[in-house]
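The exercises below are meant to be worked through slowly, with the sequence and the structure open side by side. Each task is followed by a solution that goes step by step.

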Amino acid sequence: MCGRYASIKAPTDLADEFRAVDATDGAAEPDYNVAPTKSIVTVVQRHPRDADGTPDPDVTERTLRLVKWGLVPSWAKDPKAGARMINARSETAAEKPAFKRAMHARRCLIPADGWYEWQRGPDHKQPYYTRYADGSSLAMAGIWEFWKPKEDPENAYPDGLVTASVLTTSAVGDLAQVHDRMPLLLPPAAWDAWLDPDTRADDQSVTAWLAPPSDELVGALELRPVSPLVNSVRNNGPELLAPFEDVPEPLQLDLLAGPNPA
């Protein structure tokens, strides 16, 4: 699963990296400990609409948008449901009632500098941080949804609520020693098909990417133990990413090895 990650780069830099227009209005700030229900940066691609709300079928626009982490299905009675839907399994998302509409028509990318996962030991949980060794952004596959209550007498949601989930897949290599799931990471070659609002999730151009990462992608990753400070969402700063030496049972790191390398 993916329950915490770091999102540090400025939106202007992300816009360049993902070939998108920044529509966050400067509201996105560096966050070293992104947690569920926070506002997160996503990359979406939609047909622009005219003044009457009619989409232009011949044009799409790719933008950076702020949404809430934890998908609220359009049919949900209460937005609190989103707190339980921060992740969706890539293998079944297109079939699950909560995710299938978004999977077919509202896919997104969720940029991250790296993500945290916890290895469970006999008497401890050790956090690990995974990132691209060259510092480029991870593109976590995601889906997003729009929710608006049928009745809103207090006008709490005048513009509705936009939320998202991170898709996960089976972990590979040393990543599997930490947790059996990981975010579904998409290389740049997948971005156009993944973001295309007119391509359904059962199209081969999309299903081809619904698999654990390739050896090439995994080989570009760096995995390291970090301080238990990240356990608390109240902690938020660059010190959370620093390598941590005091690990009771450190992994023998070889990302392209099997789940339990010798």
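**Exercise 1.** Are tyrosine 116 and tryptophan 118 buried or exposed?

*Solution.* The model is a predicted one, and in it both tyrosine 116 and tryptophan 118 are buried.

**Exercise 2.** Describe the aromatic pair formed by phenylalanine 18 and tryptophan 191, and find what it ties together.

*Solution.* The whole structure holds 5 aromatic pairs, and one of them joins phenylalanine 18 to tryptophan 191, at 4.6 Å centre to centre. The planes are 25 degrees apart, and because stacked pairs have planes under 30 degrees apart, this pair counts as stacked. Phenylalanine 18 is in the loop between helix H1 and strand E2, while tryptophan 191 belongs to helix H4, so the pair ties together parts 173 residues apart in sequence. Phenylalanine 18 is buried at a relative accessible area of 0%, and tryptophan 191, at 5%, is also buried.

**Exercise 3.** Which elements give two or more residues to the lining of the largest cavity?

*Solution.* The count comes to 1 cavity of 30 Å³ or more, and the largest cavity holds about 70 Å³ of space. Its lining includes Trp115, Tyr128 and Met182. The elements asked for are strand E8, strand E9, helix H3 and strand E12. Sorted by kind, the lining residues are 7 nonpolar, 2 polar and 2 charged.

How values were computed. Residues numbered from 1 in each chain as written. Predicted model: local features only at pLDDT ≥ 70, side-chain atom pairs only at ≥ 80, totals over all residues. Heavy atoms only, no water. 1 Å grid on protein atoms, 1.4 Å probe; cavity = no way out; pocket = protein on both sides within 12 Å on 5 of 7 lines; lining within 4 Å. Points joined across faces, edges and corners; volume = space filled by probe spheres on them. Helix = DSSP H or I, 4+ residues; strand = E, 2+ residues; numbered from the N terminus. Nonpolar A, V, L, I, M, F, W, Y, C, P; charged D, E, K, R; others polar. Phe/Tyr/Trp six-rings, centres within 6.5 Å; stacked < 30°, edge-to-face > 60°. Buried < 20%, exposed > 50% of the residue type's maximum accessible area, 1.4 Å probe, protein only.
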